Amino acid sequence: MQIKVSNSQYEIKFELNDSQAARDLAAQLPIKTQVKDYSNDEKIFYPAKKLGTSATPETATHAGDLAYFAPWGDVVMYYRDFGAYPGLYRLGHVVAHQEQIERLTGEITIIRVE
């Protein structure tokens, strides 16, 4: 399944994996929320409900990855390589417009793409 994350200027597409957390995120779509800068390598947003992490790969992340940080309940879009951290689960990877992740600001909309 693919999702689109967009604001008034940018549009990024991600391919979700088949994990419980990715399915839980997809079940909450569409989402309108604020995207926030965190550190110097990621953008984050908070879904309304926490995502389940059973059968979800806890893994190192790289530029273009979409991940879930369970301790805080936020979804992370990486625009630089990060690595591994306890409680970080991979949800998928960018398939279009990775370079736009770093520029994303303000209100975003997340929808399913057919």
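Buried means under 20% relative accessible area, exposed means over 50%, and partly exposed lies in between (1.4 Å probe, protein chains only). This is a predicted model: local features need pLDDT of at least 70, side-chain atom pairs count only at pLDDT 80 or more, and totals for chains, interfaces and linings use all residues. Residues are numbered from 1 along each chain as its sequence is written, and side-chain values use heavy atoms, with hydrogens and water left out.

**View 1. Thr 33 in strand E3.** Thr 33 sits in strand E3, residues 31-34. Strands (E, at least two residues) and helices (H or I, at least four) are DSSP runs, numbered from the N terminus. Thr 33 counts as buried because its relative accessibility is 18%. Leaving aside neighbours within four places in sequence, Thr 33 is in contact (heavy atoms within 4.5 Å) with Phe 45, Tyr 46, Gly 106, Glu 107, Ile 108 and Ile 110.

**View 2. The largest nonpolar core.** A nonpolar core is a set of buried Ala, Val, Leu, Ile, Met, Phe, Trp, Tyr and Cys residues joined through side-chain atoms within 4.5 Å. The largest one has 26 residues; Phe 14, Leu 25, Leu 66, Met 77 and Leu 91 touch the most other members. Elements giving two or more residues include strand E1 (2-6), helix H1 (20-27) and strand E9 (107-113). H1 gives the most, with 4 residues. Another core, of 6 residues, lies apart; Ile 44, Ala 67, Val 76 and Leu 88 are among them.

**View 3. Surroundings of Met 77.** Beyond its neighbours within four places in sequence, Met 77 contacts residues including Val 5, Phe 14, Lys 43, Leu 66 and Leu 104.

**View 4. Salt bridge between Lys 43 and Asp 37.** A salt bridge is a side-chain nitrogen of Lys or Arg within 4 Å of a carboxyl oxygen of Asp or Glu. By this rule the count is 5. Lys 43 and Asp 37 meet at 2.4 Å, N to O. Lys 43 is buried, at 2% relative accessibility. Asp 37 is exposed, at 53%.

**View 5. Salt bridge between Glu 102 and Arg 80.** The closest N and O atoms of this pair are 3.5 Å apart. The pair links distant parts of the chain, 22 residues apart: Glu 102 is in the loop between E8 and E9, Arg 80 in the loop between E7 and E8. Glu 102 is partly exposed, at 40% relative accessibility. Arg 80 is also partly exposed, with 38%.
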